[in-house]
Amino acid sequence: MEKLLLGIDIGTSACKVAIFDLQGRVIAQSTKEYKVYYPAPGHVEQNPNEWWDSICAATKEAIFKAKIDAKQIRGIGIDGQSWSAIPIDKSGRVLHNTPIWMDTRASDICRDTVERVGFDRIFRLSGNSFEPSYSTPKFVWFRKNMPEIYNSTYKFLQSNSFIAFKLTGQMTQDISQGYGVHAFNMSEGKWEDGFCEELGFDREKLPELFQCHEVIGEVTPEAAAVTGLSAGTPVVAGGLDASCGTLGAGVVKVGQTQEQGGQAGGMSICLEAAVAHPKLILGFHVVPELWLLQGGTVGGGGAIKWFMQELGAFENSAAKAAGSNPFMIMDNEAEKIPEGSDGLVFLPYMAGERSPLWDKNAKGVFFGLGYDKTRAHMIRAVLEGCAFALQHNLRTAEEAGVTVEELVAMGGAANSRLWTQIKADVTGRVIKVPTSDTATTLGAAILAGVGTGLYKSFDQAVRDTIVITRTHEPDMKAHETYKRNYEIYIELYEKLKDTMQKI
């Protein structure tokens with residue numbers, strides 16, 4: 001029987017399950033959506049049990065589509081969204097919804113902790129700023145605001161480690177998700193026990209750390225019954241979605257950079273040492289002995305999806321009539337508008353902004369509207385605004401002495417030739433596109449392949465699975481046009497940020 005691998009991706013809006021052969025070809029895949037909850041201002045949650053239900057359904061469907069024997073799946077890798085804080089009791093029961101990466105409820109806790117402990121001490125150990133999006137302040141928030149939940153919590157799990165637990169019964173923490181906890185020693189890859197209590201939570205609530213490709217258990221008979229998987233199938237620890245996507249895009253060498261275009265945007269620069277910047281995000285790569293200097297923005301696929309849902313009635317209707325994709329129709333409209341959108345600039349801060357602003361009160365803005373502007377101008381401005389957010393992070397990385405020559409794109413946004421070209425033109429850098437919308441699940445599957453010995457090394461896995469489908473060279477004339485709009489983009493936030501706090 002042909003040997004196969006399974007990748008599971010726990011995204012913000014949906015989970016994706018994909019079955020791959022050892023050449024990285026998709027045999028079958030399935031996607032299932034779930035809800036995001038907004039119970040109070042600044043509170044953004046998801047129910048981990050709904051993730052699990054969706055993954056069970058998607059896994060069964062993928063196996064059915066593939067028409068395979070589940071025993072052909074020789075390893076399972078899991079990637080997940082960042083900065084969860086899933087409270088689990090000793091029996092494995094979820095005690096509360098998890099705050100997700102968009103949640104900012106712990107802003108006051110962050111201010112108090114930085115004042116008490118000191119920014120420099122926290123940053124020196126963890127390589128990351130102490131912001132409400134991260135896991136640490138969420139742990140402390142539970143302790144202060146829901147002590148009954150906190151006291152009943154045996155372990156706080158991350159998104160991928162929760163699904164790994166549901167599959168195997170083992171509570172673990174992979175090293176690439178360690179960056180969400182500020183008691184994680186970023187240089188040495190270990191918990192600093194004494195720093196946990198100083199930050200405001202108990203060390204015992206952190207699981208044991210594992211390498212991302214390390215086998216942490218096998219699919220239990222109970223999990224096999226609800227997923228359609230074969231009991232005994234090895235499961236590796238898995239990792240952060242952006243890091244797995246970086247691997248699935250083929251970025252495993254120092255200096256290579258992944259550009260992410262999923263629900264959120266961002267970039268991940270591959271490093272051989274822990275080089276930090278207070279406005280960026282530093283974490284371990286899922287590939288051992290490498291780090292990723294990352295920028296994570298709110299502006300990404302979610303921004304254009306919002307526009308399509310709220311203002312895209314025409315495209316939705318036209319797509320339905322033609323049996324096509326509304327996003328493709330929006331691309332066609334935007335392509336008719338010149339670079340720079342005739343002066344229309346969009347700030348893509350649709351849920352505040354993460355790096356490099358770290359401003360939960362930042363707001364989305366269209367600037368430059370006039371009677372001469374059309375919906376097509378607005379569509380293109382959204383695409384360009386998200387590209388400016390990417391450029392802002394790349395420029396910030398340069399302040400730490402980290403430069404980028406070439407980008408490798410991944411995520412659904414990379415399926416748009418127009419959007420990818422806009423990003424190349426805005427950044428002035430070559431962008432290569434592998435199999436874009438499967439990069440994250442492929443990265444998770446590669447971890448399982450390396451962990452189970454189906455690949456001898458990460459280098460071999462990349463050689464065997466990654467194919468570049470197209471290359472976008474920057475148009476430097478367009479780049480000069482975008483330079484002017486980028487400067488306006490930066491200036492707009494600086495002039496509006498105080499006003500944004502009032503809304």
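Predicted model: local features only at pLDDT ≥ 70, side-chain atom pairs only at ≥ 80, totals over all residues.
How many helices and strands does the secondary structure of the protein chain come to? The count is 17 helices and 25 strands.

Residues are numbered from 1 along each chain as its sequence is written, and side-chain values use heavy atoms, with hydrogens and water left out.

**Stop 1: the whole chain**

Show every C-alpha atom. They fill a box of roughly 65 × 60 × 40 Å, taken along the principal axes.

Now colour by burial. Buried residues make up 63% of the 503. Buried means under 20% relative accessible area, exposed over 50%, and partly exposed in between (1.4 Å probe, protein chains only).

**Stop 2**

Select residues 37-40, 43-46 and 98-99, which are strands E4, E5 and E8. They form an open sheet in the order E4-E5-E8, with antiparallel pairing. E4 and E8 stand at the edges with a single partner strand each, so one side of each is left without a neighbour in the sheet. E5 and E8 pair over 2 bridges; DSSP must find at least two for strands to count as paired.

**Stop 3: aspartate 103**

Move on to the loop between E8 and helix H2 (107-117), where aspartate 103 has its place. Is aspartate 103 buried or exposed? Aspartate 103 is buried, with a relative accessible area of 0%.

Display its side chain. It reaches the backbone nitrogen of valine 44 at 2.6 Å. It also makes a polar contact with the side chain of arginine 105 at 2.9 Å. A polar contact is a pair of N or O atoms within 3.5 Å; within protein, one must be able to donate a hydrogen and the other to accept it, and residues adjacent in sequence count only if both atoms are side-chain atoms.

Not counting residues up to four places away in sequence, aspartate 103 touches Gly42, His43, Val44, Pro132, Ser133 and Lys138. Contact means heavy atoms within 4.5 Å.

**Stop 4: helix H9**

Select residues 241-248. This is H9, and 8 of its 8 residues are buried. Among them are Asp241, Cys244 and Leu247. Glycine 250 follows H9, and its phi is positive, near 90 degrees.

**Stop 5: leucine 293 and the cores**

Go to strand E20 (residues 291-297) and pick leucine 293. At 0% relative accessibility, leucine 293 counts as buried. Beyond its sequence neighbours up to four places away, leucine 293 touches residues including Met267, Ile269, Leu280, Ala397 and Val402.

Which residues have the most contacts inside the largest nonpolar core? They are Phe201, Leu247, Ile269, Leu293 and Leu447, in a core of 91 residues. Helix H15 (residues 439-451) gives the most to this core, with 8 residues. A second, separate core of 40 residues includes Trp51, Ile163, Phe165 and Val219. A nonpolar core is a set of buried Ala, Val, Leu, Ile, Met, Phe, Trp, Tyr and Cys residues joined through side-chain atoms within 4.5 Å.

Methods: Helix = DSSP H or I, 4+ residues; strand = E, 2+ residues; numbered from the N terminus.
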